[in-house]
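Please open the model in your viewer and keep the selection tool at hand. The stops below say what to select next and what is there.

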Amino acid sequence: MAITELTLYQQAILLLAGLIALTSFLMLGQSRLVRLVLIFALQGCLLAAATALAASVLDYPHLYISAALSFILKGLVIPILLQRLIHRMGLHRVMDTIDHPARVMMAGTALMVFSYYVSLPVVRHSTLVTLNAIAVSLAVVLLGMLLMITRRQAVAHVVGFMSIENGLFFAAVVATYGMPMVVELGVAFDVLVAAVVFGVFFFQIRSSIDSLNVDQLSKLSEVDR
Amino acid sequence: MIAVYLLLGIPLAGMPLLALRGDRPEAGRLNSRLNGLALLASIWLAIDVLISGPELSTGQLLYIDSYNVYLVVLTAFVGLTTSLFSGPYMEHEREIGRVTARRLRLYYTMYQGFMLAMYLVLTTNNVGVMWVAMEGATLATVLLVSLYRTPESVEAAWKYFILCGVGIAQALFGTVLLYFAAEQKLGVGGDALLWTVLHGHAAELDPAILSLAFVFLLVGYGTKIGLVPLHQWLPDAHSEGPTPMSAILSGLLLNDALYAVVRCKMLVDGSLGTHLAGNLMMGFGLLSFLVAALFLHRQTDIKRLFSYSSIEHMGLMTFAFGVGSPWATFAALFHMTTHSLTKSAIFVTVGHAAQLAGTQRMDRIRGLILTQPTIGWGLLIGTIAIAGFPPFGVFASEFLVLVATMHDYPWLTPVLLLGIGLAFAGLFRHIQPMVYGDVPEGQKPIQANLAPVMVHLALVLWLGLSIPAFLGNWFNQATHLISGAWPQ
């Protein structure tokens, strides 16, 4: 199917899917924490935009609430919370080292291809948009994990964790027009509490190892001490 | 139906109550009373279901059948006995200055929060809400793991949070896929995530989507069960948090995560008509069982030792549910009960033993029987029970798993036997010197409340000798529900 045969809405969703995947790659390559959080906020806003678009075009009013939740939580509250923590902990000048950035990017690309490969049989009866939505959201989930694996700063881990949730929400919005309201609210509540708990942890980790480099959290292992 | 609302309402009301009064000396008793009330509510609920069959609440948000109601009672029971132990235990921790008044308030509030999350996981009819409650259980317990604020405990809590958070995100993806499959058949609306609706239409759902969804659900909830290779958080979280926490994590959280997987398996089986879900569970279960049995030998910390034993038993249960025949399912349900009773009893005893010796390192815990016979014997008998010796209930359930395996997969029986033997050796090489051995200088008896341990072990003994008729009936009905046939 040629892309011009799609409706404008479908084209817009495809564009947003592409942009969301792009922000995931940007995060993967960004070593400054302040910018990392900024890109994460951008991803949250894109997600909210996709949700709002689906709400208005497809006429599902409950998606407006979901869009508002995404925008407030992922676009504003959590990024602001993280930025304030970064400044309070004096991390705004810290560069997180990424070992082998080129290989990480290659791995990211491979994950993207893999996501499409996994999604193809699932969506063979569905539209092009659904295929892309599921594949992109799976890729965002996997790229979030890759981000967490390759980083050492606790803040980067939180960003990876939250961007995994972004990927899940995107799948829920585009493939299934949002989850039932009670689930949506519950998940949003969990995300909010998780953000607060992460904040508490930053202080606990810093007071225990004097930095936020989680590589130093290596006291517990199966190797005999 | 009132009983369900009571069951959920009691811990919900308990949270703010204990947030205010958690630092008072009577907080432990208040906590126990709340859990006692919840147990009463759960028994009321069980009787209700026994008499009038499965119940669906108005709004279809809660659903109680014979499978989850027995787990509700088990959860409430272990919650109560652990809270009886936790009162004096936390008081002791406060006296030696390991926790402050504020952290004690946090502890009791989150104890109730965790119980609420557990009841919600079990009673909800909405697969999405089940996920939310499961994540809620992580959030409630994660700050308790780091309650002592030692570098080790903070590290353990961080690992727990990150691993379980990422893991359970996979389960949410699985849930979204499930919803996606259901919506294609049932149309857009809130009903498509209700378990009863999904189960009723399982045969119409797209098998390709459901098999992918199950992989994600198994990996997601499997992280919480502690399946190898996603188990890394479990020994850390169990060993560094306060001991009552270890008891309820091991006795309840792992069970309830497995409950969630089995619920999902029931949907997938209905759609696929193949044994894919069962095979996946068998593979993961067997791997966890063997790896954990081997790791038992290498441990130096007593709580880590028993958390590996938990992984081993959860692996065995996952395997048995995976085999899927009525007998295997019956055995898995039975094993869930005996394991959770025995393991929480052991963690309570271990908590006392660690307080007695002032350390969790096994090479420094010695001469328990000579110093304080109740703790020494409690630990020995508990270990005998968990290692699967007759006449305890764990023997009966493990034996049933073996018989069921022998029937369907005879070539796997030697593997299971090998694992059981390995685990037995791994436990006893550590336990024997701790229980017997010479008493270190200056080791004095402590004030211990071993009533919960005795009650649990007595129950496990009873289950090993004979299954009471009402319990057998429950297991039969649950087996019928899960595997679709009555155990012969």
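Select chain B and consider its contacts between residues at least 6 apart in sequence: 81% of them join residues at least 24 apart, where two residues are in contact if their C-beta atoms, placed from the backbone, lie within 7 Å. This is a predicted model, in which local features need pLDDT of at least 70 and side-chain atom pairs count only at pLDDT 80 or more, while totals for chains, interfaces and linings use all residues. Residues are numbered from 1 along each chain as its sequence is written, and chains are lettered from A and ligands numbered from 1 in the order in which they are written.

Taken along the principal axes, the C-alpha atoms of chain B fill a box of roughly 70 × 55 × 40 Å. Of the 488 residues in chain B, 62% are buried, a residue being buried if 20 or more other C-beta atoms lie within 10 Å of its own, exposed if 12 or fewer, and partly exposed in between, with C-beta atoms placed from the backbone.

Next, select residues 66–95 and 101–123 of chain B, which are helix 3 and helix 4; they pack at an angle of about 175 degrees with their axes 10 Å apart. Axes here are lines fitted to C-alpha atoms, for helices over the stretch in contact, and angles run from 0 to 180 degrees between N-to-C directions. Helix 3 and helix 4 of chain B are therefore roughly antiparallel, since angles under 35 degrees count as roughly parallel, over 145 as roughly antiparallel, 65 to 115 as roughly perpendicular and the rest as oblique. Among the residues that make this contact are B:Leu71, B:Gly79 and B:Met90 of helix 3 and B:Tyr107, B:Met115 and B:Leu122 of helix 4. The contact residues of these two helices divide into ten nonpolar, five polar and one charged; Ala, Val, Leu, Ile, Met, Phe, Trp, Tyr, Cys and Pro count as nonpolar, Asp, Glu, Lys and Arg as charged, and the others, Gly among them, as polar.

In the loop between helix 3 and helix 4 of chain B, select B:Arg98, which is partly exposed, with 15 other C-beta atoms within 10 Å. Leaving aside residues up to four places away in sequence, B:Arg98 touches B:Glu93 and B:Tyr148.

Move on to residues 233–240 of chain B, which form helix 9, where eight of the eight residues are buried. These buried residues, including B:Trp233 and B:His238, pack against helix 5, helix 6, helix 10 (243–272) and helix 12 (302–323) of chain B.

Now show both chains: their contact takes 38 residues from chain B and 38 residues from chain A. Which element of chain B gives the most to the side that touches chain A? Helix 6 of chain B does, with 17 residues, and by class that side of chain B has 24 nonpolar, seven polar and seven charged residues.

Select chain A, which has seven helices and zero strands, and whose C-alpha trace spans about 60 × 35 × 35 Å along its principal axes. Of its 225 residues, 48% count as buried.

Within chain A, select helix 1 (residues 8–29) and helix 5 (residues 128–150), which pack at an angle of about 10 degrees with their axes 10 Å apart, and this makes them roughly parallel. Their contact has 15 nonpolar, three polar and no charged residues.

Finish at helix 7 of chain A (residues 181–209), whose 29 residues reach 41 Å from first C-alpha to last, close to the 42 Å expected at 1.5 Å a residue, the expected span being 1.5 Å times one less than the number of residues. Its buried residues, among them A:Phe198 and A:Phe201, pack against helix 3 (62–88) and helix 6 (154–176) of chain A together with helix 5 and helix 6 of chain B.

Notes
Helices (H or I, at least four residues) and strands (E, at least two) are DSSP runs, numbered from the N terminus.
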